[in-house]
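Please look at the sequence and the model first, and then read on.

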Protein chains: 2
Amino acid sequence: MLTDEASVMYRVEPGVKIDLTTQDPSDKRLWENGSKSVHAELMLEKLDELKALQNLLFAEGKQKVLIVVQAMDAGGKDGCAKNVFSSMDPQGVHVKAFKSPHEEELAHDFLWRVHKAVPAKGMIAVFNRSHYEDIIAVRVKKLFPEKVWMNRYRHIVDFEKMLTDEGTKIVKIFLNISKEEQRERLQARLDDPAKLWKFDPGDLADRARWDEFMVAYSDLISKTSYDHAPWHVVPSDRKWYRNLVVAQIVINALKGLKMEFPEVKWNPKDMHVK
Amino acid sequence: MLTDEASVMYRVEPGVKIDLTTQDPSDKRLWENGSKSVHAELMLEKLDELKALQNLLFAEGKQKVLIVVQAMDAGGKDGCAKNVFSSMDPQGVHVKAFKSPHEEELAHDFLWRVHKAVPAKGMIAVFNRSHYEDIIAVRVKKLFPEKVWMNRYRHIVDFEKMLTDEGTKIVKIFLNISKEEQRERLQARLDDPAKLWKFDPGDLADRARWDEFMVAYSDLISKTSYDHAPWHVVPSDRKWYRNLVVAQIVINALKGLKMEFPEVKWNPKDMHVK
């Protein structure tokens, strides 16, 4: 079935070693045909579905959902938040953007600030950047020696396994853009006064290390994709396609939870609203 | 000007003693005429405006906005979250629903858990229920003696003054529904299996104390409406009207902040995206 394929097609199977440079960021296989308006209409349907499923998750109040979103700069993390996750009830969805750790955070282990932000029952937490930066950024920018970040693969897998065993569904998404697409998006920020604030000169230094990032991300995704917490590599050069795929992956994950409206412990017929 | 009137018309002026029972919950003066589709179209415009202003608040990253929403059960607090606040970037807006305080919260002063949830720079926090429950519910349900909740008016005013002086814009909204409208909404929850989970038998006990709540709320609003943190009593029997008025009040508050995109400390022309 077409809609299930988003989760399957872009999922990184456990144990498989992937190479990001062989993945096509402009792929649009799932919704190859159709005009812009057809895709917009389809997106509205997905958002309605997402909204209904999140309402059910909240109503049931038993299960927790964690969505981790990683990408290179300008990869579309904020765009996903605005265009996909904003469709849901803001009371049930918390988007947490992880910045460079501040002093108190650095004084603790790298999972300390992350643990504080995991979702409660009935809630969805979206991580815009995450504990994965503590491997990626640390490795590429050589912030700590290899033995520090090397151990973190296992710590992350263990941590995510604990969360899963305790009732959290984890979905991990890497928004895969091409280096050329990043160039265009960064340039667009420089050219538009209303977007200038999003430009960070430091992004250029990261961009200069593009190839190292691709190696580090390929490694990371290969080493931390598990059945209980799979990675998905989403082609993200086309924003409309990225939004559709991300929405569909989350829809599939929520559907898999087999949620039900909670049973009430009283008989509605006994309730008289006078 | 029509749009500014939402903030003015429904604002409770400092020092004025209001009586909620004289306020018409089905008032629709501001948008008296026009069909359903005209109102829907207007709402979309308001949501776009709200989204743009919130984006600017976030980009500027200097000011903080706190929106407090109070109402009787089924008064539309969740509806506002879903229909008004969900239009904005979820990364910049946190909706915090305050439930009955749990053990650790009760072990602290009543403002302790509230203080933890106030907005940071560039952020909007929406309180669905708030520290005002620590007067209202406590008073009507007689949870603590009068001398406890009586002192809290001043503590709240002092606390909100501190937040304002430290850079937070506070907007307080009471969604005013009629007792008959509440009856219909509670009954609708009982009649719809997908809404049954929202029904709390305890709501009936509160409903039986409707008049006491109106007295307590009238007192509360009269005593805690200040120029720096004004209350607005929004007619809320009609959901479409409530949404328009709430959106407009928040729009006006954001416009009043005179925000600007931040100046960057480098010359965009010196940035070369290779």
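Which residue just after α7(A) takes a positive phi? Gly167(A) does, with a phi of about 105°.

## Basis of the model

This is a predicted model, in which local features need pLDDT of at least 70 and side-chain atom pairs count only at pLDDT 80 or more, while totals for chains, interfaces and linings use all residues. Residues are numbered from 1 along each chain as its sequence is written, chains are lettered from A and ligands numbered from 1 in the order in which they are written, and side-chain values use heavy atoms, with hydrogens and water left out.

## Helix α7 of chain A

Helices here are DSSP runs of H or I with at least four residues, and strands are runs of E with at least two, numbered from the N terminus.

Among the buried residues of α7(A) are Trp149(A), Tyr153(A), Phe159(A) and Leu163(A), buried meaning under 20% relative accessible area, exposed over 50% and partly exposed in between (1.4 Å probe, protein chains only). What covers the buried residues of α7(A) includes β1, α5, α6, β4 and α10 of chain A.

## Where chains A and B meet

The contact (heavy atoms within 4.5 Å) takes 37 residues from chain A and 37 residues from chain B. Ser86(A), in the loop between α3 and β2 of chain A, counts as buried at 13% relative accessibility; leaving aside neighbours within four places in sequence, Ser86(A) is in contact with Ala81(A), Ser86(B), Met88(B) and Pro90(B).

## Salt bridges

A salt bridge is a side-chain nitrogen of Lys or Arg within 4 Å of a carboxyl oxygen of Asp or Glu, and the whole structure holds 31 of them over all chains, although across the interface of chain A and chain B the rule finds zero.

In chain B, Asp73(B) and Arg129(B) meet in a salt bridge (3.0 Å, N to O). Asp73(B) lies in the loop between β1 and α3 and Arg129(B) in the loop between β3 and α6, so the pair ties together parts of chain B that are 56 residues apart in sequence. Asp73(B) is buried, with a relative accessible area of 10%, whereas Arg129(B) is partly exposed, at 23%.
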